[in-house]
Amino acid sequence: MTREELQEIAENELEAREELDHLIFVCNAASCQSSQGLQLIESLKSGIEEKELGDTVEVKGAGCMGLCAAGPLVLIEPDGILYTQVKPEDAGEILNHLESEAVERLKTDLEMPFFGKQVKIVLENSGKIDPEKIEDYIAMEGYTALNRVITEMSPGEVIDVISDSGLRGRGGAGYPTGLKWSTVGIAEDVQKYVVCNADEGDPGAFMDRSVLESDPHRVLEGMAIAGYAVGADKGYIYVRAEYPLAIERLREAIKRARRLNLLGNNIFGSQFSFNLEIRLGAGAFVCGEETALLASIEGRQGRPRPRPPYPAEYGLWGHPTLINNVETFANVAPIIRNGAEWFASIGTENSKGTKVFAMAGSINNTGLIEVPMGITLRDIIYDLGGGLPEDLKFKAVQTGGPSGGCVPEEHLDMPVDYESLKEVGTMMGSGGMIVVDASSDMVSDVAKYFVEFCKSESCGKCVPCRVGTAQMYDLLDKISKDEATQRDLDLLVDLCDVVRNTSLCGLGQAAPQPVLSTLEYFKEDYDAHLQKATDKLTHAVQREE
Ligand SMILES: Cc1cc2nc3c(=O)[nH]c(=O)nc-3n(C[C@H](O)[C@H](O)[C@H](O)COP(=O)(O)O)c2cc1C
Ligand code: SF4
Ligand code: FES
């Protein structure tokens with residue numbers, strides 16, 4: 001494959017699109033597939049055949065368009081009409097209206113803030129290409145960044161661009177990506193590895209799954225660029241087995257990229273070779289922790305080990321290993337294509353670029369969004385999210401999953417970036433965002449829920465986490481059942497401190513966070529339970545008397 005051949009594939013694809021009067025994209029990512037998305041594609045295809053529109057209209061299965069709860073979604077181009085909650089039986093009506101007014105009852109306003117306030121880098125192709133066709137990705141400048149780094153840049157120059165862009169890891173902790181790449185880059189070893197962390201175990205999070213289902217080549221291209229930059233010729237993508245569609249599309253993408261020599265040996269006729277393999281995780285949350293993940297790839301039990309040494313120095317089979325999250329890799333090709341300055345101009349001083357969030361809970365527009373760092377939580381919830389459903393009053397927004405915390409109303413105008421979220425007792429995490437309304441009890445619906453998750457996902461290697469999360473859960477259970485005293489609550493606070501400070505890995509270290517943040521902002525929910533316990537006791541004593 002040469003640059004000219006890559007360009008030719010792109011031109012052919014774009015020309016084929018231009019010859020059409022209409023291109024119909026139907027979301028066939030997992031959520032829309034589960035609401036008859038595939039049947040809808042079939043109905044549209046047979047409608048086109050029946051009406052003999054084959055020369056002028058094409059239907060493409062595409063990736064996620066964001067409004068997942070209102071799926072399946074259909075986008076008609078070039079008119080830019082978006083239909084939601086489309087049923088297979090709507091196909092005929094949609095086709096009949098291609099040359100006239102849109103079908104009003106299905107139409108959604110593309111001007112609404114949900115779409116207008118998003119800035120798409122990671123999701124730039126989501127919903128606009130067929131993820132199973134490599135030509136579609138190439139038509140969107142796919143693999144041009146890989147071509148550029150291999151043919152025009154030294155590995156050091158690539159690392160400089162990533163460093164200058166300010167990109168930070170999207171897997172949760174926000175570690176500077178360029179710094180990690182340069183640590184692996186300067187490590188001396190004949191064998192190095194690149195690993196993509198696609199374990200995504202946070203409850204309610206589906207950002208990484210969506211990227212893999214909607215645009216898998218962007219992750220492969222980012223990994224190959226990373227391989228070139230750090231001097232690795234081998235990579236692994238660690239995906240949880242519960243993501244069958246993402247795995248299928250990744251497999252297909254790797255096969256097609258290999259066929260075009262965009263992966264494999266001597267890519268673009270150069271000395272650079274990069275081979276990728278998929279490894280499946282069995283759905284243990286702790287396997288997302290980097291050292292546990294590497295142990296799992298090596299075929300050992302997926303349990304964390306103390307760091308240092310960090311994987312960048314001592315990773316897979318003892319060799320330097322670069323491990324990044326799906327979304328981190330997905331940002332790489334656009335940064336190379338558009339330059340470090342372009343990326344650094346988006347976001348805030350210390351948090352550059354965008355972040356993909358999965359919005360869930362008491363919110364009107366449940367789904368996937370990509371927003372510039374620095375946007376306020378209020379903008380996300382009320383503009384993009386469309387606010388809470390009628391009659392529900394906002395109470396908090398939970399970010400960062402089991403390692404995160406709750407943000408109350410008073411902090412909604414704070415910018416969303418790594419440091420600001422930490423300041424108010426939560427964290428960016430991988431991008432799960434759950435809106436909690438006033439009818440929720442923060443003890444049982446939030447704190448107890450997440451502690452139960454950590455308790456059952458604890459690998460058991462260290463006592464503070466194994467025993468501590470179980471005891472935290474028991475205390476929360478007692479409080480939520482109105483059976484606890486102030487002494488139990490004090491014990492819970494002490495336990496949080498011990499578990500946080502003495503656990504071996506991030507799971508145990510962060511497990512107390514949902515408890516501490518609900519205690520800080522919603523102490524009245526705890527007090528109400530203690531009060532009810534006192535009342536129960538008083539009544540019991542009175543009855544006995
Ligand atoms: C319990 C636990 C689970 C984690 N799960 C994930 C995960 O599913 N995906 C991920 O990218 N990072 C996860 N991480 C963070 C990884 O250990 C690691 O920091 C990350 O993959 C590095 O990539 P980044 O620099 O691109 O963020 C987890 C960490 C802990 C402690
Ligand atoms: S903190 Fe928990 S999950 Fe992490 S090593 Fe210890 S027991 Fe395992
Ligand atoms: S899965 Fe179809 S819009 Fe998200």
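Author: Let us begin with a loop residue: aspartate 391 lies in the loop between α16 (377–384) and β12 (394–399). Helices (H or I, at least four residues) and strands (E, at least two) are DSSP runs, numbered from the N terminus. This is a predicted model, in which local features need pLDDT of at least 70 and side-chain atom pairs count only at pLDDT 80 or more, while totals for chains, interfaces and linings use all residues. Residues are numbered from 1 along each chain as its sequence is written, chains are lettered from A and ligands numbered from 1 in the order in which they are written, and side-chain values use heavy atoms, with hydrogens and water left out.

Reader: Which residue is joined to arginine 307 by a cis peptide bond?

Author: That residue is proline 308, with omega about 0°. The peptide bond from proline 308 to proline 309 is cis as well, with omega near 0°. Proline 308 is placed in the loop between α13 (290–297) and β9.

Reader: How many residues surround ligand 1?

Author: A residue is near a molecule if one of its heavy atoms lies within 4 Å of it. By that criterion 18 residues surround ligand 1, and Gly171, Lys180, Glu200, Asn325 and Thr328 are the closest. A backbone N or O atom of glycine 171 is 2.7 Å from a ligand 1 oxygen, and a side-chain N or O atom of threonine 328 is likewise 2.7 Å from an oxygen of ligand 1. The protein covers 89% of the 610 Å² of accessible area (Shrake-Rupley method, 1.4 Å probe) that ligand 1 has on its own.

Reader: Which residues have the most contacts inside the largest nonpolar core?

Author: A nonpolar core is a set of buried Ala, Val, Leu, Ile, Met, Phe, Trp, Tyr and Cys residues joined through side-chain atoms within 4.5 Å. The largest has 121 residues, and Tyr143, Trp181, Ile225 and Ile237 have the most contacts inside it. Helix α11 (residues 216–230) gives the most to this core, nine residues.

How values were computed:
Buried means under 20% relative accessible area, exposed over 50%, partly exposed in between (1.4 Å probe, protein chains only). A polar contact is a pair of N or O atoms within 3.5 Å; within protein, one must be able to donate a hydrogen and the other to accept it, and residues adjacent in sequence count only if both atoms are side-chain atoms.
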